[in-house]
Amino acid sequence: MQHAVAPPAGAIAVPAATEPILVARDIHRSYGTRRALRALSFSLLPGRVLGFLGPNGAGKTTAIRVLTTILEPTSGQFEVGGISSEHPDRIRRLIGVLPEGLGFPRHSTGRDYLTYFGQLYGRRKADARQTADRLLADVGLTARGDSLIETYSHGMRQRLGIARALVNDPQVVFLDEPTLGLDPRGQLELLGLIREIARDRQAGVVLSSHLLSEIENICDDVVIMNAGQIVAKGSVAEVLGQASQDPARQNSVRVRVADLSIAPAESTIDGLAGVRRLDTEPGGWLTVEFVDDQGAPVHDIDRNRVLDALIRAGIPILGFEVAGGRLQDVFLQLTAESIE
Amino acid sequence: MTANPRVWWLQFRQELDELWVGGKALNLLILYSVLMSITAFLLATNSELSLTPPRTMIVVTIQSAISFGLFLGLIIASESLSGERERATLEPLLLTPASHRQIILGKFLAALSPWPMAYALTIPYVAVLAQGDLALVPALAWGALLGTLVAIVFTGIGLVVSMWSNSSRTSLFVGLLVYLATLLPAQLPGEFQSTAAGAAIQAIDPLEAVRVFLRQGFVDVRPVEELWPLLYAPVAVTIGVIGAIFLSSGGRLSLTAGAPRILSMVARRAEGVGEHAT
């Protein structure tokens with residue numbers, strides 16, 4: 001991001017980076033008898049990206065709508081920049097939001113759209129126009145700023161939506177499934193942009209997504225939700241560690257080899273002592289499960305024996321990981337447990 | 001960051017862009033012109049047969065202009081908020097600190113904007129059909145005043161319906177029903193219209209009251225003093241509708257429309273009574 005948009009007059013000072021910029025306390029939300037959110041509590045520090053994960057219907061969008069004042073919580077409260085949820089009008093000045101499936105006016109240009117929203121937030125027209133130009137540059141849309149939004153691609157609309165979310169120089173930015181429907185390159189570009197928002201603006205970012213591998217790469221903290229409640233939260237490392245304490249998860253490793261090497265690798269690993277099961281997955285991944293010694297985790301040396309044997313057999317190793325060591329594994333494990 | 005104090009003006013301009021640059025208002029005006037042309041052609045044909053005097057043609061043309069013209073505002077307002085809900089453009093608006101009452105005001109004024117254009121388009125038709133009759137100018141002036149009143153009423157009704165609807169089809173349908181209901185009194189048998197009940201319905205229905213006012217004022221040439229009671233309904237309903245918009249927009253606009261707040265309160269109270277009873 002090349003430019004930092006100057007905060008307008010009247011902006012509320014950003015608290016020190018050690019103080020949470022967003023704090024949710026025991027938030028509940030029901031639709032009639034259906035409880036969509038239960039005891040949602042977490043906090044977010046400035047400059048950090050918090051990944052909001054969960055299967056469809058987990059309550060992510062409801063949580064974002066409550067935290068962005070679109071919906072009132074049934075009980076509980078939250079604070080943004082020290083402002084209590086009892087003052088939604090004041091909170092709306094501190095947050096920027098990219099809702100899921102955001103629509104755009106059909107006959108407006110990107111520049112006019114951002115200028116209009118800048119003015120809604122109290123900027124004078126000239127200032128709003130200047131801010132719009134800077135934001136268009138930030139999201140890489142300068143060349144298309146004067147084109148009608150209806151001519152934009154999906155990725156360009158998402159970037160324009162993010163620019164709109166930044167028009168008031170927010171302290172907390174909520175992005176609900178921003179990468180949905182984007183091609184891989186578009187996803188990477190957008191995630192890079194999100195990282196820059198947190199780093200350059202020192203804004204807290206709440207990112208809801210299904211793209212677990214990307215979330216793992218750009219998020220500092222994670223909240224995993226299922227059936228309306230949090231099943232894990234903390235830094236990415238903490239959440240991964242939480243799952244890897246499960247001994248059963250530590251008894252497997254995954255090794256990736258070239259397609260031509262799959263058969264020799266299988267025969268090599270099959271001959272090792274202590275190997276209970278060997279599965280081949282698409283992409284040349286071999287999952288090796290060791291004998292579970294009364295629930296005790298397998299020692300690192302046992303894992304290294306697999307690598308040692310493959311190296312000795314002259315089989316090139318393209319990848320290696322402890323099963324359960326990825327956010328995707330944690331997500332599947334925690335959400336499955338919760339469903340059970 | 002403080003909210004813009006002139007949100008209504010920003011919203012009004014934004015809506016005008018969408019309506020006029022987007023072509024929706026122009027399309028509706030073309031439809032309006034076609035309807036007015038048909039009406040004028042039928043009246044002119046009758047005139048050639050010496051069946052309809054010029055004054056009657058002036059009044060009928062202005063009555064038609066009001067009936068067709070108010071429909072423009074009703075259609076636009078009916079899908080203003082429900083349409084934004086459908087297009088997912090309402091949420092970013094609700095996320096700003098902008099006053100919802102001012103947003104509604106901007107939308108209301110924009111939805112009203114085709115009416116003056118429509119009425120201006122009517123003037124040449126009336127001028128030709130008037131054949132030099134001196135009632136032309138006062139009839140047009142009264143038509144503008146009364147037409148504006150009922151245009152406010154119907155645009156306001158459309159907006160209130162739109163606030164409480166998630167679907168523009170639903171709100172358009174409800175708006176159309178209201179419109180047809182106000183046209184009903186004119187279709188009632190003449191004998192019924194002369195009864196007390198018929199007179200009451202005419203007095204309550206703002207559109208019918210305006211139609212009767214113009215007919216009695218310019219065709220029957222009755223003095224204005226006798227016709228004032230006919231204006232009570234349009235004025236009262238206009239005030240009522242503006243009040244309803246003011247009250248409805250006082251609370252927060254919601255992303256998903258539900259029952260009016262008053263109905264929700266009644267429902268909750270009823271539930272409370274039920275719980276106590278058990």
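This dialogue covers chain B of a predicted model and the contact of chain A with chain B.

Trainee: What should I know before reading?

Mentor: The model is predicted, so local features need pLDDT of at least 70 and side-chain atom pairs count only at pLDDT 80 or more, while totals for chains, interfaces and linings use all residues. Residues are numbered from 1 along each chain as its sequence is written, with chains lettered from A and ligands numbered from 1 in the order in which they are written.

Trainee: How many helices and strands are there in chain B?

Mentor: Helices (H or I, at least four residues) and strands (E, at least two) are DSSP runs, numbered from the N terminus. Chain B has 14 helices and zero strands.

Trainee: How are two packed helices described?

Mentor: By the angle between their axes and the distance between the axes. Axes are lines fitted to C-alpha atoms, for helices over the stretch in contact, and angles run from 0 to 180 degrees between N-to-C directions. In chain B, α3 (residues 54-78) and α6 (residues 100-112) pack at about 145°, with axes 8 Å apart.

Trainee: Which residues meet there?

Mentor: Contact means C-beta atoms, placed from the backbone, within 7 Å. B:G73, B:I76 and B:A77 of α3(B) meet B:F108, B:A111 and B:L112 of α6(B).

Trainee: How many residues does each chain give to the contact of chain A with chain B?

Mentor: Chain A gives 26 residues and chain B gives 22 residues. On the chain A side, α2 (88-92) and α3 (110-120) of chain A each give two or more, and α3(A) gives the most, with four residues.

Key:
Two residues are in contact if their C-beta atoms, placed from the backbone, lie within 7 Å.
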